[in-house]
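This report covers the strands, helices, salt bridges and surface of one protein model. The sequence and structure come first.

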Amino acid sequence: MSHPRLKVVLTRRLPDAVETRMRELFDAELNLKDVPMDRAALEAAVQRADVLVPTITDEIDASLIAGAGEQLKMIANFGAGVDHIDIDAAVGRQIIVTNTPGVLTEDTADLAMSLILAVSRRIVEGAQVVAEGRFEGWTPTWMCGRKLWGKRLGIVGMGRIGQALARRAKAFGMQVHYHNRKPVSERIAEELGATYWDDLDQMLARMDVISLNSPATKETHHLLSAERLSLLQPHAILINTARGELIDEAALAEVVARRGIAGVGLDVYENEPAIHPGLIGHANVVLLPHLGSATLEARQDMGDRVILNVMTYQNGHRPPDRVIPAML
């Protein structure tokens, strides 16, 4: 039995192969200019789409969902995080929400490990010295960073990405510690040699490197508050490749200004794309432009996952990556 082709509206430009496949399978409307949709454009999109394919740059809140046409039956997010979508409001309107979990895991873990290395070994600072023609030869005491071997890594959020980072850190000889809503299985804990802390504050105060790998929820907003940031040791390094809202950015800027932390590596920001000015221009702060999933392979895989979810729904079945409120 054939099913009618769904009207699928993409809010951003996606990889060519993904867009081509979308056009083959669905009545797909592309965003060829790749300019983010403003509020009016999003409001118009949910009036005509059977399926909306948004990204993290789109705010799909309760009022937008309330104003959607009766034909909108699915929000197929291009990305794993869904904190920009009001899941409760969507479920209330019987709109299915899907995401693309798993396909970003290894790339995001690679980037987190890259930031740990970059901050610890002053890699960006060193590259700048060379680029500016200031390298005058090796000296015994110049540009010394910190070794990773034997250091304690505290992972906040031990899901897929946290575990993938733990595997990388273990290969670098780091001791893996973690805080999570519940401990991982004994098998995984043994494989990673990971130590569980049920008290986040106690873990933060004892780690050499902290990596945030939690989703953004109401409970994790400003998880690293001014109070918690004050618990970090002065030689500690803080890494965030998860969501900017996990850190009180203004409080972190104050900690950096008073040299209360050895280094910071961020790929995400509280008010992205805006970055707190107090974090910019410090040699020990490495700031990246949200590169976590920015590999050709990951973006292709994300698109394939969106297509799988929409295709499954179009064929009258339950999409494999459906998001429900209880999961958050």
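## Salt bridges

The side chains of D34 and R12 form a salt bridge, with an N to O distance of 3.0 Å; the term stands for a side-chain nitrogen of Lys or Arg within 4 Å of a carboxyl oxygen of Asp or Glu. D34 sits in the loop between strand 2 and helix 2 and R12 in the loop between strand 1 and helix 1 (16–25), so the pair ties together parts 22 residues apart in sequence. Helices (H or I, at least four residues) and strands (E, at least two) are DSSP runs, numbered from the N terminus. D34 is partly exposed, with a relative accessible area of 31%, whereas R12 is buried at 17%. Buried means under 20% relative accessible area, exposed over 50%, and partly exposed in between (1.4 Å probe, protein chains only).

The model is predicted: local features need pLDDT of at least 70, side-chain atom pairs count only at pLDDT 80 or more, and totals for chains, interfaces and linings use all residues. Residues are numbered from 1 along each chain as its sequence is written, and side-chain values use heavy atoms, with hydrogens and water left out.

The structure holds 17 salt bridges. One of them joins the side chains of K7 and E29 at 3.1 Å, N to O. This pair links distant parts of the chain, with K7 in strand 1 and E29 in strand 2, 22 residues apart. E29 is partly exposed, with a relative accessible area of 22%. K7 and E29 also belong to a network of salt bridges that takes in R48. The side chains of R13 and D16 meet in a further salt bridge at 2.8 Å, N to O; R13 is partly exposed, at a relative accessible area of 38%.

An open sheet of 5 strands has the order 2-1-3-4-5 and parallel pairing. Its edge strands, strand 2 (27–29) and strand 5 (96–98), each pair on one side only. Neighbouring strands are turned by 15° against each other on average, direction ignored. Two strands are taken as paired if DSSP finds at least two bridges between them. Strand 4 (residues 74–76) runs parallel to strand 5 and is joined to strand 5 by 3 bridges, with M74 opposite I96.

Helix 2 (residues 39–48) packs on this sheet, touching strand 1 (7–10), strand 2 and strand 3 (51–53), and its direction makes about 165° with that of strand 1. Contact means heavy atoms within 4.5 Å. Helix 12 (residues 296–314) lies across strand 1, strand 3, strand 4 and strand 5, at about 160° to strand 4. Axes are lines fitted to C-alpha atoms, for helices over the stretch in contact, and angles run from 0 to 180 degrees between N-to-C directions.

Strand 6 and strand 9 pair in the parallel sense over 4 bridges, and the bridge partner of I155 in strand 9 is S211. On to strand 10 (residues 237–240), strand 9 makes 4 bridges, also parallel; here I210 stands opposite L238.

In a regular strand the side chains alternate between the two faces of the sheet. From strand 9 (residues 209–212), V209 and S211 point one way and I210 and L212 the other way, and all are buried.

V130, F135 and W142 make a nonpolar surface patch of about 320 Å². Patches are made of residues with over 30% relative accessible area and no salt bridge; like charges are joined within 9 Å, nonpolar side chains (Val, Leu, Ile, Met, Phe, Trp, Tyr) within 5 Å. Accessible areas come from the Shrake-Rupley method with a 1.4 Å probe, and for residues only the protein chains shown count as cover. F135 is found in the loop between helix 6 (123–131) and strand 6 (152–156), and counts as partly exposed at 49% relative accessibility.

R322 lies in the segment after helix 12 and is partly exposed, at 30% relative accessibility. The C-alpha atoms of R322 and I87 are separated by 11 Å, while the two residues are 235 residues apart along the chain.
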